[in-house]
Amino acid sequence: MTQLIDFKSIVAAAQRIDGSVVRTPTVESSMLAGMVERPVFLKLENLQAGGSFKARGVLNKFSALQEGLGDSHFVAVSGGNFGIAIGEAAKRFGARVTVIMPESAPSSSVERIRASGSTVIVEADVHAAFARATALEAEGYVVIDDCADTLIAEGHGTLALEFIADCPSLTDVFVAVGGGAMLAGVATALKAIKPGIRVWGVETAGAHSMSQALQAGRPVDIDVSSIVSTLGVPIIDELMFAHARHYVEDMVVVPDEEAIKGMLSFAQGARQWVELASGALVPAVIATAPRLPADAVIGLVVCGGNISLQDMTKWAAYAGIS
């Protein structure tokens, strides 16, 4: 049986990374509240160091491994944010890192990782990226897999400690799911503090590996076709699957086009520059709201804002928005 994360480990992670990450603000969204007729609060991890929540998990991981970092060459697969967090942490800790990314990853993310001093290898798709990481592991590289790492998930869970402290009235929290580490950490923390809270996972069609796994009762391999590269994981790890099965109310899957519209609504209505994974939360909340009690208080983890104007314009055109 898979061992679930201990809440005490998330508290320890918060102490470990204190002072290294931003205590991001929680703000109320009148735009979304008007759409769903319930209070909506945003945890703005797009304002986090490195532009996403990923800094929390990576810094927790590197802090725990501090003494042996210089002896290894690490490799990681990323659609953007994880690679940025790895690159910036590697620069800080003096670690050697190679990041492998699919061609669908935002060009701005690729450039930012290279600028941090890490090596970037671009592969055709996520399957090829993971295959290259496996090949490098056979050569002696140490894989850091944010889709299967307890320390990283515990670090991500620290954002939930802040969110529930800022807004203890929360009844429903929506979390974008890629590999599932943020979902695992956040759900563990929230359920430990407030057992009755409901946690909802959000994916885009074509990157819905968690919802497919939950339907099948086990992780299954999928063909990633969503343009939301940060949510594209071919198969969910057993550890993250176990947390979702134990804690999550349901998975909400939305089309790419709706995620794009959600991203633009954040920019226009909430004055927040966010990426597609965050944009996917908007249609997910709108679709789920009719299932929620009238007195529900909704929270959204706005997971990242690493997107260029060029990327946003390209995706808007893809969705037929001018």
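Predicted model: local features only at pLDDT ≥ 70, side-chain atom pairs only at ≥ 80, totals over all residues.
Thr158 belongs to helix α8, which covers residues 158–166. The relative accessible area of Thr158 is 3%. The residue therefore counts as buried, since the cut-off for that class is under 20%. Two polar partners of the Thr158 side chain can be named. One is the side chain of Arg56, joined to that of Thr158 by a polar contact of 3.0 Å. The other is a backbone atom: the oxygen of Gly155 lies 2.6 Å from a polar atom of the Thr158 side chain.

Attention now turns to the backbone. Most residues other than glycine have a negative phi. Glu37 has a positive phi, near 60°. Glu37 sits in the loop that runs between α2 (30–36) and β2 (40–44). With a relative accessible area of 70%, Glu37 is exposed, because that class begins over 50%.

A positive phi is also found at Arg271, again near 60° and in a residue other than glycine. Arg271 is placed in the loop between α12 (256–269) and α13 (276–279). Its relative accessibility is 65%, so Arg271 counts as exposed.

Terms used:
Residues numbered from 1 in each chain as written. Heavy atoms only, no water. Helix = DSSP H or I, 4+ residues; strand = E, 2+ residues; numbered from the N terminus. Buried < 20%, exposed > 50% of the residue type's maximum accessible area, 1.4 Å probe, protein only. Polar contact = N/O pair within 3.5 Å; in protein donor to acceptor, adjacent residues only side chain to side chain.
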